[in-house]
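Colleague: I've got this model open on my screen and I'd like to talk through its charged pairs and helix packing. Can you walk me through them?

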Amino acid sequence: MSALSQTDPSSFSNPEDVLVEHIHLDLTVCFAKHTLSGSVQLKLKRVKPEAEFVVLDTRGITVTSVVDLESAEKIQYTLAEKVAVFGSKLTIRLTNRKPEHTIEITYETSRECSALQWLRPEQTAGKRQPFLFSQCEAIHCRSMVPCQDTPSVKAPYTAKIKAPSVVKVLMSALLEGSEKTEDGQMVHSFRQNHPMPSYGIAIVVGDIVSKEIGPRSKVWAEPEFIEAAAYEFAETESMLQAAESLLGPYVWGHYDLLLLPPSFPYGGMENPCLTFVTPTLLAGDRSLADVVAHEIAHSWTGNLVTNASWSDFWLNEGFTVFVERKIVSRLKDSEVYRQFLASRGWRILTETIKQLGAENNFTCLVPDMLGVDPDEAFSSVPYEKGQAFLFYLEQLLGGPEVFEKYLRAYIDKFKGKSVNTADWKAFLLEYFDSEEDAGKLATVDWQGWMYEPGIPPQKPVYDTSLVENCEELRNRWLGVSDDQLTQFTLSDIEDFQPMQIEQFLSGFADHDPISCAKVKHMGEVYKLNTVTNAEIKFRWLRLCIQAHHEPIIDEALQFVSDQGRMKFVQPVYRDLYKWSASRQRAKDNFLAHRNEMHNITVAKLEKILDVKK
């Protein structure tokens, strides 16, 4: 991996020598070829006067020319051989010694571009038009745009996107206008004035409409889902205001939400101005809208202040989970609920560490990412271990009132910048510099929290009152025989919040599988077989699979076929593969639906199911 950057082990780029300061895209969308073609203009700043080359990241891109825009002179460039998942290094010789350059690269993406998913009309709800959406995090932007594809580099961008007139085009930027071309297509102009990492560049092209859900927000979706989405995300403005009260003004202008097709592999993606969300959030009762609070929090922790490398991913996700739960608890006016969510997060963390292995490098808060595809390291660890660390520090240093002032100061200090864990720690120690606070911080096991794998060295103290009801009911189920099940009725869970039902179901994983008679009765009395909340359904399916309840196999296969959210499909497929009665059916189902899935999801499932590419 010697060809990779010394500052970011997931990139070839050399921003320490020459830095990209602005990006302009001029691209044409071709549904027939599944490509984007056109050019990117990069405004470059020579950081070191002696620098002779700028190095960019690419993957699967065909470059046809590189030109110096000032002189119109063609520039010498070299596109190296592909290095594993990291792509090919594009080295461009600078033509003069000026401190600033603007170059234009003419190129075309490949049909295998990992940042883009192209859907046929029949794969959409309306079945009228094809659909395109991007997912650039973590290192997929290089397959869509030649760039310095490292979160340590942040730049504003503009774009002109040409597409058929029958579809709508959106980006992670503000739309400035649209014009019809002579050939009947439309060119849409976008501007993003705030510096942002390359993984935040996003595009969607499809048959979508919008509805206002607040003074600075719209929700976008296929027409078939627009009313359901508008209802589900109606609390967006309240969440934005709660976030602003914690972290300062929202700087990105609009905050829009886009409901993507079911193959989207994540719960949400925090593209500036335009959050992508999964349709699995459409529970019908706003019970899963907390994901929106998470993506809103990213407007500060991730987009405004960004992890400098993927080893520091917890600075994006741990901070965001920590803030998300503060937003939700403020809307519910319940600190107890925040602590319940944090306690539940600790459980998720311990389950993940158990599944990955306590000595696994990826269970470190700051893992070694040399030669590692960041997608391979993706898990709940940076989210929940990071959140737990911040929760622990908050309790250590005086509680929410004290720590929330630090959060605001942290954002003010680093806004518009990328930071690493050392930067974060240095500022924490600088902010809490009294003799008393220094004494408290001296007791922190920094090595254990940040660089050692496995369970963190300290567990924060959580209010467990909302957890206790879940555990009490679960213990009742565990303590009775199959001929004593009539004591359970729907009234057992009528006062539970959806999160408590999730907690109740997930806790069975700590025990031997329960009987098929128990899961059959539980499904009937608690109406779990018809639940529409995807989080509850996911945990219910897993409980039934672990009990080897054969009637659930069809429903589980349907669940992983109807949507492609990795949080759900990976564990369910893993459970099905472990069970001999469902192993081959799981493989067959995956092969039948592989072409409908996102490439990120496919790569994960091929390993889980031992299926060759």
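Colleague: How many salt bridges does a search of the whole structure find?

Modeller: Bear in mind that this is a predicted model, where local features need pLDDT of at least 70, side-chain atom pairs count only at pLDDT 80 or more, and totals for chains, interfaces and linings use all residues. Residues are numbered from 1 along each chain as its sequence is written, and side-chain values use heavy atoms, leaving out hydrogens and water. A salt bridge here is a side-chain nitrogen of Lys or Arg within 4 Å of a carboxyl oxygen of Asp or Glu. Searching the whole structure on that basis gives 36.

Colleague: How many residues apart in sequence are the parts that R128 and E224 tie together?

Modeller: These two form a salt bridge, with the closest N and O atoms 2.9 Å apart. R128 sits in the loop between β9 (116-119) and β10 (131-134), and E224 in the loop between β17 (217-221) and α1 (226-232), so the parts they tie together are separated in sequence by 96 residues. (Strands are DSSP runs of E, at least two residues; helices are runs of H or I, at least four; both are numbered from the N terminus.)

Colleague: Which helix holds E502, the partner of R344?

Modeller: R344 and E502 meet through their side chains in a salt bridge of 2.4 Å, N to O. R344 has a relative accessible area of 9% and is buried, and E502 is buried too, at 1%. R344 lies in helix α5 (residues 335-356), so the pair ties together parts 158 residues apart in sequence, with E502 in helix α13 (residues 498-506).

Colleague: How are α3 and α4 oriented to each other?

Modeller: The axes of helix α3 (residues 290-297) and α4 come within 8 Å and cross at roughly 125°. Those axes are lines fitted to C-alpha atoms, for helices over the stretch in contact, with angles running from 0 to 180 degrees between N-to-C directions. Under 35 degrees is roughly parallel, over 145 roughly antiparallel, 65 to 115 roughly perpendicular, and the rest oblique. So α3 and α4 are oblique.

Colleague: Which residues of α5 does α4 meet?

Modeller: The axes of α4 and α5 come within 8 Å and cross at roughly 145°. Contact means heavy atoms within 4.5 Å. On the α4 side we have F322, R325, K326, V328, S329 and K332, and they meet α5 at Y337, R338, L341, A342 and G345.

Colleague: Which helices do the buried residues of α14 pack against?

Modeller: In helix α14 (residues 516-525), the buried residues are K518, V519, H521, M522, G523 and V525. After α14 comes K527, with a positive phi near 55°. The buried residues of α14 pack against α12 (465-478), α13 and α15 (534-546).

Note on methods
Buried means under 20% relative accessible area, exposed over 50%, partly exposed in between (1.4 Å probe, protein chains only).
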